[in-house]
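Visitor: I would like to go through this model with you. Where shall we begin?

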Amino acid sequence: MSKINMSSVDFETMIIHAGQEHDSAYGALATPIYQTSTFCFDTVEDGAAKFAKQVPGYHPVYSRSGNPTTRAFELKCACMEGGEDAVAMASGMGAVGSVVLAFLKPGDHAIFDDSVYGGTNFVCTTNLPELGVEITRVDTADREALKAAIRPNTRMIYFETPNNPMIKVTDIAAVKAVAGPDIRVVVDGTFAPPPLQYALKLGADIVLHSITKYINGHGDALGGVVVGSAADMALIRNNCMTKINGCPPSPFNSYLVLRGMKTLALRMERHCANAMAVAKYLESSPYVKHVYYPGLESDPGHELACRQMENGLFGGILSFELKDDVKGLSSFEAGKKLLNSLTIPAIAVSLGDPDTLIEHPASMTHAGVSPEARLAAGITDGLIRLSVGLESARDLINDFEQAFAAL
Ligand SMILES: Cc1ncc(COP(=O)(O)O)c(C=O)c1O
């Protein structure tokens with residue numbers, strides 16, 4: 001174990017050292033990659049004792065239920081979020097699937113925000129109803145609508161903040177106050193990992209992330225994580241993730257995430273500063289109808305974001321819509337032309353990479369959401385989502401200038 005008292009050091013120190021065990025074999029500083037499917041026992045008796053968890057310390061037996069490289073990643077995430085424990089998954093959707101399978105049963109009712117990532121949207125419109133779980137969709141930022149949606153059999157309230165792709169901010173503490181102690185509040189914090197936002201501290205019971213995004217941060221590994229109480233995490237790990245889902249990350253991906261997380265604080269500062277600069281530029285552009293970014297004073301979520309998101313960091317993702325009739329083009333046609341003319345942003349889904357990524361939610365990430373549901377959540381055909389990378393903000397703005405000129 002590290003000699004550092006993680007609760008007394010700053011985020012920048014904690015995120016580098018947390019979860020990093022001293023390597024008893026050779027003293028390796030970086031956590032080794034335990035690329036093994038299974039672990040050997042000295043004797044039959046030793047194996048039986050380790051299976052029965054009767055041996056003190058961490059003793060993995062098979063990499064689906066535990067692997068030292070992945071365990072280091074889980075411990076770093078638990079420490080980062082201030083949770084008792086964490087369970088790592090092969091992807092963000094693995095995390096979403098494990099949470100709903102662990103805590104929702106036939107006959108239960110769950111409330112999902114009216115705008116969530118397309119994959120999660122499929123879970124709540126198709127998978128869960130097929131399993132006999134009743135679902136209500138509401139704007140979870142609307143406290144009265146949320147209160148009205150609660151039923152005696154409500155077991156979970158699920159939302160993203162900021163959400164995908166409207167960058168809407170929901171008040172985590174206010175949702176927990178409405179939910180009370182018996183309804184689990186689950187926050188997908190993918191768009192705002194610590195040190196931007198601490199969902200558990202704000203009252204969430206469970207926080208999950210697509211690690212694929214900012215937490216790994218290099219666009220080279222898929223992963224997911226769920227963080228919460230030790231009892232909830234044991235239930236997810238033992239009854240769901242290692243059995244019905246069986247989706248741990250590979251040890252190599254866990255290693256990549258451990259490496260990526262060491263620079264999380266530095267990267268997030270730069271992502272947020274760049275996003276703020278680009279958001280301000282787009283807001284002042286004569287071609288842009290609206291910019292969705294909680295860092296802007298004009299954003300309806302700004303006041304809440306100032307309270308809920310820490311250190312003046314509002315995230316690296318923004319969405320925007322072009323005006324109709326830009327040089328005779330509809331907002332949708334102008335948007336397509338703009339994306340095709342930009343030279344730095346890659347046209348790609350995903351987000352949180354060093355590279356700036358730009359996408360069209362209606363035809364890409366949210367294509368599976370019905371057109372009516374998209375419109376109800378504000379996802380117009382002209383909406384464009386931008387994940388602002390770590391390049392120079394000036395170069396990004398210059399690139400938008402030339403692409404607008406080319407419209
Ligand atoms: C908010 C959010 N949650 C979950 C996911 C799913 O994550 P993954 O792609 O790692 O499965 C995504 C993917 O984009 C996302 O944006």
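Guide: Let us begin with a term: a residue is buried if its relative accessible area is under 20%, exposed if over 50%, and partly exposed in between (1.4 Å probe, protein chains only). This is a predicted model, in which local features need pLDDT of at least 70 and side-chain atom pairs count only at pLDDT 80 or more, while totals for chains, interfaces and linings use all residues. Residues are numbered from 1 along each chain as its sequence is written, and side-chain values use heavy atoms, with hydrogens and water left out.

Visitor: Which residues of β9 are buried on one side, and which on the other?

Guide: Ile 317, Ser 319 and Glu 321 are buried on one side, and Leu 318, Phe 320 and Leu 322 on the other. Strands here are DSSP runs of E with at least two residues, and helices are runs of H or I with at least four, numbered from the N terminus.

Visitor: Which strand pairs with β9 over five bridges?

Guide: That is β12 (residues 383-387), in the antiparallel sense; two strands pair if DSSP finds at least two bridges between them. Ser 387 in β12 is the bridge partner of Ile 317. Strand β8 (residues 288-292) is also antiparallel to β9, with four bridges, and Val 291 stands opposite Phe 320.

Visitor: Now the open sheet: what is the strand order?

Guide: The seven strands follow the order β1-β7-β6-β5-β4-β2-β3, with mixed pairing. β1 (85-89) and β3 (134-138) each have a single partner strand, so one side of each is left without a neighbour in the sheet.

Visitor: How many bridges join β1 to β7?

Guide: Five, and the two strands run antiparallel; Val 87 stands opposite Val 226 in β7.

Visitor: Which strands does helix α5 touch?

Guide: Helix α5 (residues 118-130) touches β2, β3 and β4, and its direction makes about 150° with that of β3. Contact means heavy atoms within 4.5 Å. Axes are lines fitted to C-alpha atoms, for helices over the stretch in contact, and angles between N-to-C directions run from 0 to 180 degrees.

Visitor: Turning to the ligand, which residues come nearest?

Guide: Of the 13 residues around the ligand (a heavy atom within 4 Å), the nearest are Gly 92, Asp 188, Ser 210, Thr 212 and Lys 213.

Visitor: How far is a polar side-chain atom of Thr 212 from an oxygen atom of the ligand?

Guide: The distance is 2.6 Å. For Ser 210 the corresponding value is 2.8 Å.

Terms used: A polar contact is a pair of N or O atoms within 3.5 Å; within protein, one must be able to donate a hydrogen and the other to accept it, and residues adjacent in sequence count only if both atoms are side-chain atoms.
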